[in-house]
Amino acid sequence: MAEREPAIIADHSLCIGCSACTRVCPTHALRVRDKIVQSKQERCLKCGACIFACKHGALRAHTSTSADLERFKIRVALPSLVLYGQFGEDVRPGQILRAFRSLGFDLACDISWVCEMVATASDAYLTDCRGPWPQISMTCPAVVRLIQLKYPDLIPHLVPIDPPCEVAPRVYRGRLAAEYGVKPSEIGMFYISPCTALVDAIERPLGRRPSSLDGAFSISELYGPLLRALRNSPDSDSDEPVSIRGLRWVMASGEIPGMRNVNSISVKGLQDVTYVLDRIEAGRCYGADFVNAYICSDGCFSGQLTIAGRYSAQRYLHEIMRRIGDSPPVREERVRSLLQTRIFDFDDAIIPQPDSPPAGDLRQAAARQRQKRELWSRLPKRDCGACGAPDCDSLAGDVVDGEAELTDCPFFRLEQLARDAPFSKTAACSTRFAVMACCPHCSTMLTQGPHLEIAAVTPGSERPVRARLSAVVGEMGAKLSGEGPEGTTMQIRCPECGASLESTERCSLCGAPLARLNLRGGGTYQLCSRRGCGGQTISGPCTSEGLVALAGYASDSSQEGS
Amino acid sequence: MDRDSLYRESFPIKGDDFERGGEVATRVKGLLQQLGLPRDVIRRLSIANFEAEMNVVMYAREATLEVLVFPDLIRVQVVDRGPGIADIDWAMQEGHSTATEAMRARGFGAGLGLPNIQRNTDEFEVKSDVGVGTTLRYAVHTTSRPKEG
């Protein structure tokens, strides 16, 4: 991996500017401007929610390459236990580990025993711990980053024990170096990860101590090669035993089963995690001693770099565990002696990284807040994300910070346009809208595709003529057809029920009567009944159902009247 | 108000709305963070706001929690319409709760929560009309040294 590259990278050529990612980001770190997704890195938890949300592959995990593998004499894969549940109930962990040999690795090591040791070490730590309660697990790096960012007061609650993927290389590196007769640094330890948060913690460790891993690959990128290798390799029964208690680590209930300190809760998914952290911060913690929190909704099984669905993967692993039977637990005395060697220790302080401004001039901060709220009050508060910020509040903040304009909001722009210039004089507006208009009498939808269908009667004639106008706001122009010269005032009717649509209001451009239609979802659309005028007004509380933004529709005046 | 605040914002709280109980305290915490206040101030106000909000959710019909930002302190007023408190002195005594020692050590069981609010704030006052409602006013100084507690 290139130095310090974030674990989630954007491919701008694939971004279509839909901004789906901005709305799922838990810390509102993403913006989409001009079809380019940008991330405020200091806010990003690397939770990977955006990778799930992006349907166009523009956001992906940044993992190690085969060139990274080449740098080492002995290449070791350390798969997350989630991998064991990816291939169905009939594929045993030992087979999966052996399959890594055909993928350019010299061997793959099982980390279930390390997981069990980490659970036991956490248990031992909690037994001697003096609080503050409850203690919070550091297993999920995204949760730790969330605490750094939003809950710095909870940092003393973190159990200073590294996750198994960090402990495993410390357990194996020396042993393998002796076995293969190479220097410890010549062994490359690569984690096979279910999520971007764990990958990211390798390049950008949570503390100052460098990661004990040398890189990471995702389960999803190795899934295909592993599946092929599993098909081609014969089964063998000489599997190394795996730890059942370790496997339970990744199961739905996390590291809690088998712990002596049973006064624990397991919390999964961002919403529940923030709910619980809010309460711990407010001094309400349900009397729990230990909180095991994962940012993903089903723990590591729902990491975005997995392949098998979280439900089937958990069922497979349950069945695999059942077939393995029980394994003897690791002896606590042994773990306690390992505790002395500090191999489990998270050996550093977690530093608060609040995303709020540093304590400073309160007057200035309050002024900024007032300004932000004033801007917010002028926005439509639909939180639609069309501006590229996740919601109206974020856009208001971006405007205060000089990173965006209120006119990035299409609704604001439309309102401004309606206020400042009549629609017939096409003003600078990069988004166009089509009206979805109905007859106020019979409610028939009169917008048909890009057209608005009406009936027009020329004075002196009784015969209504069907007319097709452009439904695009600002484009009606001189298209009101019918007999009689330019400037004739027509009587506009509903083509379905024949009722007159004449409004009590008059055109602001020429004074002729307006015809009034209802917009779907609320609001009215009025158009001038005089041929050649093209005056239009939109009023009332319109919604995106009544005014549909036309994507990719250029405001070029050459399209006028087309 | 005897002087102008730098910023003020009101948040409605509904009684019996356990589903959203704590939401206002969380929103106010976000606001205080945006204002760049010292963490100790935010922490103490968050505890007080959470207690006040949950009091409303548990006992009152509805309330407004108003945050006023002054150069040297943050004031919060919670005005509720509810049953009121018949005996404020009783409610203000710590330990009028059935919670165990162990629970109390972890922040539970402070009775109505009023003593907990008082412990975490620099100014505290409670007025109540039985059958009408209760008004809580509390403040945390932003410039003083952290209060022990």
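This is a predicted model: local features need pLDDT of at least 70, side-chain atom pairs count only at pLDDT 80 or more; totals for chains, interfaces and linings use all residues.
Let's start with the sheets. Strands in a sheet pair through backbone hydrogen bonds, in either a parallel or an antiparallel way. One open sheet in chain A is built from four strands in the order β6-β5-β8-β9, and its pairing is parallel. At the edges of this sheet stand β6 (107–108) and β9 (215–218) of chain A; each has a single partner strand, so one side of each is left without a neighbour in the sheet. Looking at one of the pairings, β8 (residues 187–193) of chain A runs parallel to β9(A), with four bridges between the two. Across this pairing, A:Ser193 sits opposite A:Ser218 of β9(A).

Helices lie across this sheet too. Helix α7(A) lies across β5 (74–79), β6 and β8 of chain A, at about 145 degrees to β8(A). Helix α9 (residues 219–232) of chain A lies across β8 and β9 of chain A, and its angle to β9(A) is about 65 degrees.

Helix α9 of chain A also turns up in a ring pair. Over all chains, the count of aromatic pairs comes to six. Take A:Phe87 and A:Tyr223: their ring centres are 4.9 Å apart and their planes are at 5 degrees, so this pair counts as stacked. The two residues come from distant parts of the chain, 136 residues apart, with A:Phe87 in the loop between β5 and α4 (93–99) of chain A and A:Tyr223 in helix α9 of chain A.

A further open sheet has three strands, in the order β7-β11-β10 (chain A), again with parallel pairing. Its edges are held by β7 (135–136) and β10 (264–268) of chain A, each with a single partner strand, so one side of each has no neighbour in the sheet. Five bridges join β10(A) to strand β11 (residues 290–294) of chain A in the parallel sense. Here A:Ser266 is the residue opposite A:Asn292 in β11(A).

Two spots in the backbone deserve a quick look. The peptide bond between A:Trp133 and A:Pro134 is cis, with omega at about -10 degrees. A:Pro134 belongs to the loop between α5 (112–128) and β7 of chain A. Then there is A:His28, whose phi is near 55 degrees, a positive value in a residue other than glycine. A:His28 lies in the loop between α1 (20–24) and β2 (30–33) of chain A.

Finally, the empty space. Rolling a probe the size of a water molecule over the atoms shows where such space is left. The count comes to nine cavities of 30 Å³ or more. The largest cavity has a volume of about 210 Å³. It is lined by 25 residues, and the closest to its centre are A:Thr139, A:Tyr191, A:Leu198, A:Tyr294 and A:Cys300. At least two lining residues come from each of α7 (164–180), α8 (196–203), α10 (244–250) and β12 (297–300) of chain A. Sorted by class, the lining of the largest cavity has 19 nonpolar, five polar and one charged residues.

The second largest cavity holds about 160 Å³ of space. Of its 15 lining residues, the closest to the centre are A:Asp162, A:Glu166, A:Pro205, A:Leu206 and A:Phe346. Both α7 and α8 of chain A give at least two residues to the lining of the second largest cavity, and α7(A) supplies the largest share, three residues. By class, this lining has nine nonpolar, two polar and four charged residues.

Definitions and conventions. Residues are numbered from 1 along each chain as its sequence is written. Chains are lettered from A and ligands numbered from 1 in the order in which they are written. Side-chain values use heavy atoms; hydrogens and water are left out. On a 1 Å grid over the protein atoms alone, a cavity is a set of points where a 1.4 Å probe fits but cannot get out, and a pocket is an open set with protein on both sides within 12 Å along at least five of seven lines; lining residues have an atom within 4 Å of a point. Grid points are joined across faces, edges and corners, and a volume is the space filled by probe spheres set on the points. Ala, Val, Leu, Ile, Met, Phe, Trp, Tyr, Cys and Pro count as nonpolar, Asp, Glu, Lys and Arg as charged, and the others, Gly among them, as polar. Two strands pair if DSSP finds at least two bridges between them. Contact means heavy atoms within 4.5 Å. Axes are lines fitted to C-alpha atoms, for helices over the stretch in contact, and angles run from 0 to 180 degrees between N-to-C directions. Rings of Phe, Tyr and Trp (its six-membered ring) pair if their centres lie within 6.5 Å; planes under 30 degrees apart count as stacked, over 60 as edge-to-face and the rest as tilted.
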